[in-house]
Amino acid sequence: MILSISGVVLLGIIVFLFFRKDGLKASHAFVCALFGFYLAGTAIAPSIKAGGQSLASLLGGIKF
């Protein structure tokens, strides 16, 4: 749950930065959000979630 919340916050910040730099218009952000909601309801959603968790564990295992 914490990973998904931090992922949402990170993606929200990225979208906000794109919006502020005029690279992303409000209509584009709205379409991206709708796409995400519809994608979450498809059969591929568990695979995307597993891939995100795998990437997070890979990045979490990196020692500096």
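**Figure 1. Surface and overall form of the predicted model.** The accessible surface of the protein comes to about 5,700 Å². Carbon and sulfur atoms hold 76% of that surface. This is a predicted model. Of the 64 residues, 3% count as buried. The C-alpha trace spans about 35 × 35 × 15 Å along its principal axes. The radius of gyration is 14 Å, whereas a compact globule of 64 residues would have one near 11 Å.

Figure 2. The protein has three helices and zero strands. Read from the N terminus, the order of elements is α-α-α. Helix H1 covers residues 2-20, helix H2 covers residues 26-40, and helix H3 covers 45-60. The mean pLDDT of the protein is 80. A pLDDT of 70 or more is reached by 91% of the residues. Confidence is lowest in H1, with a mean of 73. It is highest in H3, with a mean of 87.

**Figure 3. Residues 27-48, a stretch annotated in UniProt.** An unreviewed UniProt entry places the feature "transmembrane region" at residues 27-48. In the predicted model, this stretch is 82% helix and 0% strand.

Figure 4. Ala29 is partly exposed, because its relative accessibility is 22% and the buried class ends under 20%. Val15 is 14 residues away from Ala29 in sequence. In space, the C-alpha atoms of Ala29 and Val15 are 7.2 Å apart. Phe16 lies in helix H1. With a relative accessible area of 49%, Phe16 also counts as partly exposed; the exposed class takes values over 50%. Phe16 and Ala29 are 13 residues apart along the chain. Their C-alpha atoms are separated by 9.1 Å.

**Figure 5. Asp22 in the loop between H1 and H2.** Where does Asp22 lie? Its place is the loop that links H1 and H2. Is Asp22 buried or exposed? Asp22 counts as exposed, because its relative accessibility is 65%. From Asp22 to Phe64 there are 42 residues in sequence. The C-alpha atoms of this pair are 35 Å apart in space.

**Figure 6. Phe64, after helix H3.** Phe64 lies in the segment that follows helix H3 (45-60). Its relative accessible area is 99%, so Phe64 is exposed. How far apart in space are Phe64 and Gly52, C-alpha to C-alpha? The distance is 21 Å, for a separation of 12 residues in sequence.

**Figure 7. A nonpolar patch on the surface.** Which residues form the nonpolar patch? The members are Leu55, Leu58, Leu59, Ile62 and Phe64. Together they have about 640 Å² of accessible area. Phe64, with its 99% relative accessibility, is an exposed member of this group. Phe64 comes from the segment after H3.

Definitions and conventions. Residues numbered from 1 in each chain as written. Predicted model: local features only at pLDDT ≥ 70, side-chain atom pairs only at ≥ 80, totals over all residues. Heavy atoms only, no water. Helix = DSSP H or I, 4+ residues; strand = E, 2+ residues; numbered from the N terminus. Buried < 20%, exposed > 50% of the residue type's maximum accessible area, 1.4 Å probe, protein only. pLDDT = per-residue confidence, 0-100. Patch = residues over 30% accessible without salt bridge, like charges linked within 9 Å, V, L, I, M, F, W, Y side chains within 5 Å. Areas by Shrake-Rupley, 256 points an atom, 1.4 Å probe, with all protein chains shown as cover. Salt bridge = Lys/Arg side-chain N within 4 Å of Asp/Glu carboxyl O. UniProt positions renumbered as here; feature names shortened; annotations may be inferred. Rg over C-alpha atoms; globule rule 2.2 N^0.38 Å.
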